[in-house]
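I opened the model to take notes on its chains one by one and then on the place where they meet. The entries follow the order in which I looked things up.

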Amino acid sequence: MARVKHEGQWYGLDEGESVLDGLLRRGVEVPHSCRAGACQSCLMRAERGEVPARAQVGLKETLKARGYFLACACQPEGELEVAGAGADLRVPARITSLERLSDSVLCVRLRPEGDFEYRAGQYVSVLRTDGLARSYSLASLPHEDTLALHVRRVPGGRMSGWLFEEARPGDVLELQGPAGECFYVPGRPEQSLLLVGTGTGLAPLYGIIRDALERGHTGPIWLFHGAVDVSGLYLVEELRALQSRHPQLQYRPCVSKGQARVGVTVGALDAIIKEVCPRPAGWRGYLCGSPDLVLSLRKKLFLAGLSLKEIHADAFLPSTPPPQGGAGVMASASDASR
Amino acid sequence: MSTSVAEKQSSLYERIGGEPAMAAAVELFYRKVLSDERISHFFEDVDMERQAAKQKAFLTMVCGGPSAYSGKDMRKGHAHLVRQGLNDTHFDAVVEHLSATLTELGVAKPLVEQVLAIAGSARADVLNR
Ligand SMILES: Cc1cc2nc3c(=O)[nH]c(=O)nc-3n(C[C@H](O)[C@H](O)[C@H](O)COP(=O)(O)OP(=O)(O)OC[C@H]3O[C@@H](n4cnc5c(N)ncnc54)[C@H](O)[C@@H]3O)c2cc1C
Ligand code: FES
């Protein structure tokens with residue numbers, strides 16, 4: 001039987017159960033959010049035992065070599081001893097400001113109190129002092145003195161609700177990361193870039209675009225920002241100003257619902273992209289935001305000629321509650337009702 | 001490409017261009033397969049990266065390269081698709097895309113024929129007959 005040792009105690013795992021679910025079931029507090037191997041908030045380190053390759057997908061080589069793995073994607077075959085959570089990788093940070101970018105989007109600025117290196121476009125896990133963890137993309141550039149997150153208000157959302165209603169400048173959080181492959185790599189300055197984000201999927205793209213421009217990218221840069229209606233658009237003035245300073249930047253705010261108005265395109269995002277950029281073969285693509293859109297666009301852009309290696313995508317997977325009661329039957333029942 | 005004796009003895013896989021050729025072929029091939037309405041529904045898996053890796057393993061196998069595929073794996077790997085109605089027409093469509101991909105990459109006709117022959121020999125396993 002598979003079992004895990006955590007802080008000196010052994011915990012048996014049910015058939016096919018992940019380390020994360022097994023520990024949560026027995027009341028052990030482990031930070032987590034997506035439970036799908038995407039957000040990296042459930043990072044742990046193995047001291048002894050075999051970690052399945054699937055539990056290390058997407059981790060940096062340096063972390064893999066040190067035995068780090070994602071607890072939610074780890075279904076060990078035998079015994080596994082964990083040396084602790086990713087706590088040793090966390091950096092404390094203080095909120096420096098909270099500024100509304102629109103009715104539904106808040107810009108949270110943080111100052112790390114320790115070394116924190118990242119590339120524009122990567123994401124971090126933000127941990128509240130009670131252990132609540134959520135991932136957010138970085139909208140800032142590494143040389144700015146604070147990190148910037150764009151947080152969308154999710155109805156009933158625990159982290160976003162807290163940030164909107166209760167958090168104050170000076171509050172302390174912890175950061176873990178960074179993670180993700182959505183960033184600009186210099187080398188082919190003339191290549192066309194296609195960036196598509198829905199909602200706060202704009203955050204990483206805002207960082208990537210400014211990074212590319214600062215590093216001397218000369219090729220066309222297409223930015224499509226999609227929202228349901230105009231109230232979901234933000235940073236419109238800033239992006240228009242950026243476009244007027246850099247004529248190679250083509251900013252296209254798009255909405256799926258509502259009346260046509262100056263400067264905003266109405267329609268389905270994939271159709272608009274196809275019409276404006278019909279042949280993106282040889283381009284580099286960045287896709288961020290709602291998982292459905294990111295996954296279907298990735299397929300469409302691949303079919304339109306973009307190489308899989310040239311498509312960088314971060315799907316903002318929502319948090320998934322752990323199965324209640326520990327029985328596999330419960331897990332499939334709640335899955336079916338979603 | 002020279003035609004030394006060593007070259008003539010090398011495997012079909014090497015003569016087609018080895019791993020770099022497979023890497024180039026897999027995207028072209030996978031794109032054709034995904035955009036073919038006759039068969040695309042068998043490839044609805046959203047994990048494109050993983051699927052592209054599978055396509056590459058398949059290409060490597062039919063080109064006679066180092067591959068982990070066995071007849072038994074082919075049967076197991078396709079059993080669920082056979083239950084969904086996978087049949088000869090679908091198999092033929094895949095072979096058609098394979099042929100077109102290799103031709104597009106400039107692989108000589110006799111080599112393409114050899115690859116297609118190997119692919120054809122997998123038919124019984126793929127269709128679980
Ligand atoms: C890699 C990555 C990067 C991310 N970057 C950002 C970012 O830059 N900005 C940002 O605002 N968010 C981002 N997210 C999403 C973020 O991590 C949280 O999921 C989000 O803020 C909601 O958390 P919450 O605690 O407020 O809501 P929760 O308490 O987790 O959720 C409340 C309820 O709403 C549901 N829910 C939550 N989000 C959604 C959604 N999008 N669609 C449908 N149902 C939902 C939940 O399943 C739950 O039932 C990212 C996620 C990932 C994985
Ligand atoms: S990666 Fe494990 S909870 Fe998100």
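I began with chain B, where residues 24 or more positions apart account for 72% of the contacts with a separation of 6 or more.

I noted the ground rules next: this is a predicted model, in which local features need pLDDT of at least 70 and side-chain atom pairs count only at pLDDT 80 or more, while totals for chains, interfaces and linings use all residues. Residues are numbered from 1 along each chain as its sequence is written, chains are lettered from A and ligands numbered from 1 in the order in which they are written, and side-chain values use heavy atoms, with hydrogens and water left out.

**Chain B**

I looked up the secondary structure, taking helices (H or I, at least four residues) and strands (E, at least two) as DSSP runs numbered from the N terminus. Chain B has eight helices and zero strands, and along the sequence I read the pattern α-α-α-α-α-α-α-α.

I then checked the radius of gyration, which is taken over C-alpha atoms, against a globule rule of 2.2 Å times the number of residues to the power 0.38. For 129 residues a compact globule would come near 14 Å, and the 15 Å of chain B agrees with that. Along the principal axes, the C-alpha atoms fill a box of roughly 50 × 25 × 25 Å.

For burial I used relative accessible area with a 1.4 Å probe and protein chains only: buried is under 20%, exposed is over 50%, and partly exposed is in between. In chain B, 41% of the 129 residues count as buried.

**Chain A**

I found eight helices and 17 strands in chain A. Its radius of gyration is 21 Å, in agreement with the value near 20 Å that a compact globule of 338 residues would have, and the C-alpha trace spans about 60 × 45 × 40 Å along its principal axes. Of the 338 residues, 51% count as buried. Among contacts in chain A between residues at least 6 apart in sequence, I recorded that 66% join residues at least 24 apart.

I also looked at one loop residue, His143(A), which lies between β9 (133–137) and β10 (147–152). His143(A) counts as exposed because its relative accessibility is 59%. I noted a separation of 10.0 Å between the C-alpha atoms of His143(A) and Arg119(A), which are 24 residues apart along the chain.

**Where the chains meet**

The size of an interface is often given as the accessible area lost when the parts come together. I took buried area in that sense, as the accessible area (1.4 Å probe) that two parts lose on being put together, summed over both. Between chain B and chain A the value is about 1,000 Å², of which carbon and sulfur atoms give 61%. On the chain B side, Glu27(B), Arg31(B) and Met48(B) lose the most area to chain A, together 55% of what that side buries. By contacts, I recorded eleven residues of chain B and ten residues of chain A.

Which residues does Ser307(A) contact, leaving aside its neighbours within four places in sequence? I found Glu27(B) and Arg31(B). Ser307(A) sits in the loop between α7 (291–303) and β17 (311–315) of chain A, and at 18% relative accessibility Ser307(A) counts as buried.

Notes: Contact = heavy atoms within 4.5 Å.
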